[in-house]
Amino acid sequence: MARPLGILMLCLGNICRSPTAEGVLRARLDEAGLAARVRLDSAGTGSSHIGHPPDERAIACAGKHGIDLSALRARRLTLEDFDEFDTILCADRTILHDARMRKPRTSHAQVELLLEWSGVGKKDVPDPYYGASRDFEQTFKLVDAAAQGIVERVRQGRL
Ligand code: 4NP
């Protein structure tokens, strides 16, 4: 089988949006029997939450949908990530801009907007950190739609 596609989910803190996206995509790939085709991780552009588990509201929301995020730990994006991952999917346009600025010239990684690359639409996943539980639910719905779009891309080999 071909080398698995490396996908890195990226947000600011790596405690709300990107760990939710990582957990949801892993679950949807598993359900589709495609888990072996993708190597998946998540990171943040910021350093405030390094080593922390996902936000308890993100854990609770994903848990309601049958997805356990509790073992994940936040880490910061590294320069090596640009060599180790084929595709870096950014939660919003600020993250996209920041990641593209940091991308080394030698890297072949595609650095894209998560919802756009997954076919949902050219829009951001809003940051739920200062929001309420309904904002986490909205994050979950958006990243689940993205995960389903990514599963289709993987199935069709549109990588
Ligand atoms: P995330 O959310 O980028 O989706 O993990 C945030 C988490 C923490 C902060 C901002 C956004 N913060 O300012 O600490």
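**The ligand and its shell**

The shell around the ligand divides into 6 nonpolar, 3 polar and 2 charged residues. The model is predicted. In it, the ligand sits in the largest pocket.

**Who surrounds the ligand**

- The residues around the ligand include Cys11, Leu12, Gly13, Asn14, Ile15, Cys16 and Arg17.
- His49, Asp127, Tyr129 and Tyr130 are also among them.
- Tyr counts as nonpolar here, and so does Cys.
- Gly counts as polar, while Asp and Arg count as charged.

**Backbone contacts and cover**

- At glycine 13, a polar backbone atom is 2.9 Å from an oxygen atom of the ligand.
- At asparagine 14, a backbone N or O atom lies 3.2 Å from a ligand oxygen atom.
- At cysteine 16, a backbone N or O atom lies 2.9 Å from an oxygen atom of the ligand.
- On its own, the ligand has 360 Å² of accessible area, and the protein covers 90% of this.

**The tyrosine pair**

- The count of aromatic pairs comes to 1.
- The ring centres of tyrosine 129 and tyrosine 130 are 4.9 Å apart.
- Their planes stand at 80°, so the pair is edge-to-face; the cut-off for that label is over 60 degrees.
- Tyrosine 129 has a relative accessible area of 28%, so this residue is partly exposed.
- Tyrosine 130 has a relative accessible area of 75%, so this residue is exposed; the cut-off for exposed is over 50%.

Methods:
Residues numbered from 1 in each chain as written. Predicted model: local features only at pLDDT ≥ 70, side-chain atom pairs only at ≥ 80, totals over all residues. Heavy atoms only, no water. Near = heavy atom within 4 Å. Polar contact = N/O pair within 3.5 Å; in protein donor to acceptor, adjacent residues only side chain to side chain. Areas by Shrake-Rupley, 256 points an atom, 1.4 Å probe, with all protein chains shown as cover. 1 Å grid on protein atoms, 1.4 Å probe; cavity = no way out; pocket = protein on both sides within 12 Å on 5 of 7 lines; lining within 4 Å. Sits in = over half its atoms within 2 Å of the grid points. Phe/Tyr/Trp six-rings, centres within 6.5 Å; stacked < 30°, edge-to-face > 60°. Buried < 20%, exposed > 50% of the residue type's maximum accessible area, 1.4 Å probe, protein only.
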